[in-house]
Amino acid sequence: MASLPNHTAPQEPRFLMLFDFDETIIRDNSDDSAVCLLPSQELPAWLVNSYREGHYHEYSAKIMAYLADQGVTKECIKSGVENIPPNPGLLDLFRFLQSHQQDFELVVVSDANMYFIETWLEHAGFRHLFKRIFTNPSHFDTAGCLVLRPFHSHSCTRCPENMCKQAILREYLADREKERGGVGFQRVFYVGDGSNDVCPSHALGPQDTAFARRDYPMHRLLLEMQQSQSAKPKANIVPWVTGNDIVDCLEKIVRER
């Protein structure tokens, strides 16, 4: 009698890994790279002075409008974004994760914008690795201006008004656990650099890891919290300088079965 075919569902990844974009995946702030496309390679004082603390998204939208006013085209922006260099070793990290796709589910959580992130990842050849990208929606209007929209609204007092990365992470974990039949991830890894990467670190547990770019705001703030009596992060904090530092850590974890 012939055996029945095996219809076992493919195994879900054990680990969730989240990445910031600006100054984490890429070496620079993507808005700064766009400003370099201007003939003067700098913004006028009135625009720089319009920045309000906690309202970077609003400021970024003004930058995009100014670029369009100055004749910077969509094609020029696309080329500029594609040419932003990655952080050292980040492509090695992506290649490692590509070779362990059965273990890692990858997500981007960034206060940049969808056009910049998708353009860069597609050009680098790694867009297919990421299951989701959580960032500010963007589109080019008929005048050729990249229009930005806020990702969401939230009640967190620590985060910019358009994005709380902890809220995004908690909601994603809950949604994926339901989709995975009640099975959560064994571990969560968060890779970032900025002050807005501290809030999601508080959603991590003792088995999880916050990879904080060494000597950048996320690293400094988490170290301060570790030394304080309150609001200590539960996750392991691992500083990184290159993507290879992260690979070294993940290789050990993958070997643990």
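Q: How many bridges pair S6 with strand S7, and in which sense, parallel or antiparallel?
A: Strands of a sheet pair through backbone hydrogen bonds, either parallel or antiparallel. In this predicted model, S6 and S7 (residues 209-213) are paired in the parallel sense over four bridges. One place to look is Phe189, whose bridge partner in S7 is Thr209.

Q: What is the order of strands in the open sheet?
A: Six strands make up the open sheet, in the order S3-S2-S1-S6-S7-S8, and the pairing is parallel. S3 and strand S8 (236-240) are the edge strands, each pairing on one side only. From one strand to the next, the twist averages 20°.

Q: To which strands is S1 joined by bridges?
A: S1 is joined to strand S2 (residues 104-113) by five bridges, and the two run parallel. Another five bridges join S1 to S6 (residues 187-192), again in parallel. To trace these pairings by residue, note that Leu18 stands opposite Val107 in S2, while Phe19 has Val191 as its bridge partner in S6.

Q: Are the residues of S1 buried or exposed?
A: A residue counts as buried when its relative accessible area is under 20%. In S1 (residues 15-19), five of the five residues are buried. Both faces of the strand are covered: Phe15, Met17 and Phe19 lie on one side, Leu16 and Leu18 on the other.

Q: Which helices lie on the sheet, and which strands do they meet?
A: Helix H5 is one of them: H5 lies across S1, S2, S3 and S8, running at about 155° to S1. Helix H9 (residues 217-227) also packs on the sheet, where H9 touches S6, S7 and S8. The direction of H9 makes about 125° with that of S7.

Q: How do the axes of H5 and H10 cross?
A: The axes of H5 (residues 90-98) and H10 (residues 243-255) come within 7 Å and cross at roughly 25°. Angles under 35 degrees count as roughly parallel, and H5 and H10 are therefore roughly parallel to each other. H5 passes H10 in a left-handed crossing. On the H5 side, the contact is made by Leu90, Asp92, Leu93, Phe96 and Leu97. H10 contributes Gly243, Asn244, Ile246, Val247, Leu250, Glu251 and Val254.

Q: How many salt bridges does a search of the whole structure find?
A: Side chains of opposite charge can pair when their charged atoms come close. A search of the whole structure finds 13 salt bridges. One of the pairs is Lys165 with Asp20, with the closest N and O atoms 3.1 Å apart. This pair links distant parts of the chain, 145 residues apart: Lys165 is in helix H7 (residues 165-179), and Asp20 is in the loop between S1 and helix H1 (30-35). Both Lys165 and Asp20 are buried.

Q: Where do Lys78 and Glu82 lie?
A: Lys78 and Glu82 both lie in helix H4 (residues 74-82), four residues apart, which is about one turn of the helix. Their side chains meet in a salt bridge at 2.6 Å, N to O. Lys78 counts as partly exposed because its relative accessibility is 39%.

Q: Which residues are linked in a network of salt bridges?
A: The network of salt bridges links Glu12, Glu105, Arg176, Glu179 and Arg180.

Q: Why does Leu129 count as buried?
A: Leu129 counts as buried because its relative accessibility is 8%, and the cut-off is under 20%. Leu129 is placed in the loop between helix H6 (114-124) and strand S3 (130-136). Not counting residues up to four places away in sequence, Leu129 touches Phe94, Gln98, Gln101 and Leu106.

Q: Which residues are in contact with Val147?
A: Leaving aside neighbours within four places in sequence, Val147 is in contact with Pro137, Ser138, His139 and Asp141. Val147 is in strand S5 (residues 146-148) and is buried, with a relative accessible area of 15%.

Key. Residues numbered from 1 in each chain as written. Predicted model: local features only at pLDDT ≥ 70, side-chain atom pairs only at ≥ 80, totals over all residues. Heavy atoms only, no water. Buried < 20%, exposed > 50% of the residue type's maximum accessible area, 1.4 Å probe, protein only. Pairing = 2+ DSSP bridges. Salt bridge = Lys/Arg side-chain N within 4 Å of Asp/Glu carboxyl O. Contact = heavy atoms within 4.5 Å. Axes fitted to C-alpha atoms, helices over the stretch in contact; angles between N-to-C directions. Parallel < 35°, antiparallel > 145°, perpendicular 65-115°, else oblique. Left-handed = near helix turned anticlockwise from the far one by under 90°.
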